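Let's take a walk through this model, one region at a time. Have the sequence and the 3D view open as you read.

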Amino acid sequence: MADLLKLLLRVAEKAANVARVCRQEAPLFQLLIQEKTGVDKNKKFVQDFKTLADVVIQEMIRHDVGAQFPEIIDHIQGEESNKFENGLGESVIVTVCGTEKETAALLATVLDGDQMAATLLACAIHQDATLKLTGTDDLHIPLSPSDLGIWIDPIDATSQYIQGREEVVEEGCLCSSGLQCALVLIGVYIRATGEPVIGVINQPFNHKDPTGWKGKHFWGVSYGSVKACSVLRPKDRPAECPGLSVVLSSSEKQAVKEALAPLCGPDRLMYASGAGYKILCVILGLADVYVLSEGSTFKWDSCGPHALLLALGGGMLDLKECLHFGHCEGGHHDQGELTYHQSHSESTGADRWANQGGLVAYLDCQMLHRVIGELKGKF
Ligand code: 2IP
Ligand code: CA
């Protein structure tokens, strides 16, 4: 399955290219930033261009993975539906076609005949990405494609991507908002158990050099004794530095913020945008723990980054379950690990795939234990 990992890294890079092109090319950028409401709303198609960009990236990943691994194609799910409908009852299924020209023609139908934008977008979708891969060649992952399913978040933290603020941060610090928080997330899980096994994260806007924005990618594999990650596990905190850092959503409940403040101190209780980005902060050691008390993330937000946490010896748990049962024994915490194969049948729409009990992401079980201890009974 190392071939699947390599393919996912390449398609995630292609997705990152599309994300960058949509901000670089003026005709696409104009479409991206204009919020169409009321009378300005595109009369022919209801969705905004940003939804189209998300859908196109998701379908491109589905197309490329399906071509090489047909056994997985019916088990690739994402945040977006590829069906575009308008008020006149017409609908178009947005897919990636066999040729760039055909894709451009199809995209033009949902872009209300804007040939220029459709051509630019189709060109980015059909362009192969070049990526230098390291550490993936010797990997042997004893899994079969017919056992696997995939979750895709084409662009997580879409609002940060659209606003496009360019934040400058010091090395080793997290970015609370801005383009750096926007990520392409792809996660592979075992269909029978829901366990995440392969994760790919691409950060299309990692840093800027004189030629423009440059991205960065991260990957992890966790299956039985096979644990591999492009990121080194951060060093354990020295004993003389007992403080603990937690990253939260700025919209987190006040009770959670207050419960964690004494544990972290003012500088170590941090806020950042993007569910995927906050998990990446834990993976990179920029924060020890990410806590979310609401059911506001979905399987596509967490599956990919979760595999990297597992590869590094950490994990991601359902917060509610953890608060209820939570003990961390023997250095690892198995109870309440999030899974990716079952929907909430009582819910509708995207909520069927929500991480309903909230979540807590960690690398070091001791840190998890301290955070859970503080939160118990507080909200
Ligand atoms: C969002 C995005 C938001 C996050 C939310 C996700 O996904 O990651 O930033 O909220 O949970 O579902 P917050 O930043 O408060 O953590 P998307 O941008 O793809 O809708
Ligand atoms: Ca998301």
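This is a predicted model: local features need pLDDT of at least 70, side-chain atom pairs count only at pLDDT 80 or more; totals for chains, interfaces and linings use all residues.

Strand β5 (residues 183-190) pairs with β6 through six bridges, in the antiparallel sense. One pair to find is Y189 and its bridge partner in β6, P196. As for β6 itself, which spans residues 196-209, ten of its 14 residues are buried, so the strand is mostly covered.

## The calcium site

Which residues supply the protein donors of the calcium ion (ligand 2)? They are D153, D156 and D301, each through an OD atom, at 2.1 to 2.4 Å from the ion. Along the chain, these donors follow the spacing D-x2-D-x144-D. Since D156 belongs to strand β4 (residues 148-156) and D301 to helix α9 (residues 299-311), the pair ties together parts that are 145 residues apart in sequence.

Are D156 and D301 buried or exposed? D156 has 7% relative accessibility, so it counts as buried. D301 is buried too, with a relative accessible area of 6%.

## The five-stranded sheet

Now for the open sheet: five strands, in the order β10-β9-β11-β13-β12, with mixed pairing. At the edges you'll find β10 (269-271) and β12 (315-318), each of which pairs on one side only. On average, neighbouring strands of this sheet are turned by 20 degrees against each other, ignoring direction.

At the β12 end, four bridges join β12 to β13 (residues 359-362), and the two run antiparallel. Within that pairing, D318 has L359 of β13 as its bridge partner. Another helix to look at is α8 (residues 275-283), which lies across β9 (246-248), β11 (289-292), β12 and β13. Relative to β11, α8 runs at about 150 degrees.

## Domains

Zooming out, the chain is divided into domain 1, covering 1-128, and domain 2, covering 246-375. How far apart are the centres of domain 1 and domain 2? Taken over C-alpha atoms, 31 Å separate them.

## Salt bridges

How many salt bridges does a search of the whole structure find? It turns up nine. Among them is the one between R20 and E13, whose closest N and O atoms are 3.3 Å apart. Both R20 and E13 are buried. Another links the side chains of E59 and R62, at 3.1 Å from N to O. These two partners sit in helix α3 (residues 49-68), three residues apart, or about one turn of the helix. E59 and R62 are both buried as well.

A further salt bridge brings together the side chains of E294 and K253, at 3.5 Å from N to O. E294 is in the loop between β11 and α9, while K253 is in the loop between β9 and α7 (254-264), so this pair ties together parts that are 41 residues apart in sequence.

## A last stop at C365

To finish, find C365 in helix α11 (residues 365-375). C365 is buried, with a relative accessible area of 5%. Where does C365 lie in relation to D288? The two are 77 residues apart in sequence, and their C-alpha atoms are 10.0 Å apart in space.

Conventions. Residues are numbered from 1 along each chain as its sequence is written. Chains are lettered from A and ligands numbered from 1 in the order in which they are written. Side-chain values use heavy atoms; hydrogens and water are left out. Buried means under 20% relative accessible area, exposed over 50%, partly exposed in between (1.4 Å probe, protein chains only). Two strands pair if DSSP finds at least two bridges between them. Donors are N, O and S atoms within 2.8 Å of the metal (3.2 Å for Na, K and Ca); water is not among the atoms, so sites may look incomplete. Axes are lines fitted to C-alpha atoms, for helices over the stretch in contact, and angles run from 0 to 180 degrees between N-to-C directions. Contact means heavy atoms within 4.5 Å. Domain bounds come from an automatic or database domain assignment. A salt bridge is a side-chain nitrogen of Lys or Arg within 4 Å of a carboxyl oxygen of Asp or Glu.
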